[in-house]
Amino acid sequence: METITIGTSSIVTSRIGLGTWAIGGWMWGGTDDAEAIATIRSAIERGIRLIDTAPVYGFGHSEEVIGKALAESGLRDEVQIATKLGLAWKDGKVYRDSSPARIRQEIEDSLKRLRTDVIDLYQVHWPDPAIPFEETARTLEDLRDAGKIRAIGVSNYSPAQMDEFSRGGKLDAVQPPYNLFEREIEADVLPYAEKNGLTSLCYGALCRGLLAGKMTKGHEFHGDDLRLKDPKFQGERFIHYLAAVEELQTLARERFNKSVLALAVRWVLDQGQTIALWGARRPDQLDPIGEIEGWHLDEASKKEIDAILSRNIKNPISPEFMAPPLHRDAA
């Protein structure tokens, strides 16, 4: 497994991280804890050393499952845990809150759920404009000085917001949405991260399953599944995205003898100082990991990928629909 150092910290971890939103169950149609624990252990056996989570994933459940999986198998020292702060919830509705008091409560709650003494990478989940970003940063620096966290990151921040944040603390990482279909950060966040020595933890590397290559036109989603609200999975747009996946699959197979999933993850890893976050909730969903190491995309293939996207997707959709409300009242 390829490794990377997160920012200027001493944290060395795998370039593929396990994303655990689905393991929390919320917005993914529920979860099976025993299977989730097996998935976490399988990920570690396959060389994954970074587990990314958040309190809001299942309203604490994802962190609890991770804590149980690591504690009961004695694997805590084998991995780096990245979790988040700054999203609160009431009656199942989520809103942003990065106030110092909230952060100090969140860190204690997360440490308890994760059954650990320190969080390796602590990230602000979404920018909260009600609190000065510099103040949030100073609060996190206090936690780092206290030995409760090792590195600091932000998620879904713009370069201007990161500049303001950096006046109060040292950033090591940024976590934006990034995959073959969602590339908005190439215009701002990705070059900013490169210029400032930040590691980019790219969430949604498989675009919520689209790039796994398993979906067909008749695919149905049920319950509280996030994709019922995602414009990419609706009507004609879904058909267009599936057509692009089909062409990408052909390219991956004929040129590299790989799956479209491997192509999609390799593409993210070939974009610079990046980590690809791979969401899984069953061990078998991690089987393609062996396809990703030991090769790279050449420039001709990258251009052909761009042509496939341009040919099939005339009106690309950003992941903005996932942004939570700014305030409790809005939630």
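Two strands count as paired if DSSP finds at least two bridges between them. Keep that rule in mind for this predicted model. Strand β6 (residues 87–90) and strand β7 (residues 93–96) are joined by 4 bridges and run antiparallel. Within this pair, A88 stands opposite Y95 in β7. The two strands form a hairpin, with 2 residues between them. D91 sits in the turn and has a positive phi of about 55 degrees.

Now turn to helix α6, residues 159–166. Its buried residues are P159, M162 and F165. They cover an arc of only 115 degrees around the axis, so they lie on the same side of α6. What do the buried residues of α6 pack against? Their partners are β8 (119–124), α5 (133–145), β9 (149–155), β10 (173–175) and α7 (189–196).

Next come the charged side chains. The whole structure holds 23 salt bridges. One of them joins E63 and R113, at 2.7 Å from N to O. This pair links distant parts of the chain: E63 is in helix α3 (residues 61–73), R113 is in helix α4 (residues 100–114), and they are 50 residues apart. Buried means under 20% relative accessible area. E63, at 0%, is therefore buried. R113, at 18%, is buried too.

R208 has salt bridges with E182 and with D230. The closest N and O atoms are 2.4 Å apart for E182 and 2.6 Å apart for D230. D230 and R208 both lie in the loop between β11 and α8, so their bridge ties together parts that are 22 residues apart in sequence. D230 counts as buried because its relative accessibility is 0%. R208 is buried as well, at 9%. Elsewhere, salt bridges that share partners join E2, R15, R266 and D270 into one network.

Key
Residues are numbered from 1 along each chain as its sequence is written. This is a predicted model: local features need pLDDT of at least 70, side-chain atom pairs count only at pLDDT 80 or more; totals for chains, interfaces and linings use all residues. Side-chain values use heavy atoms; hydrogens and water are left out. Buried means under 20% relative accessible area, exposed over 50%, partly exposed in between (1.4 Å probe, protein chains only). The arc is that of the directions from the helix axis to the C-beta atoms. Contact means heavy atoms within 4.5 Å. A salt bridge is a side-chain nitrogen of Lys or Arg within 4 Å of a carboxyl oxygen of Asp or Glu.
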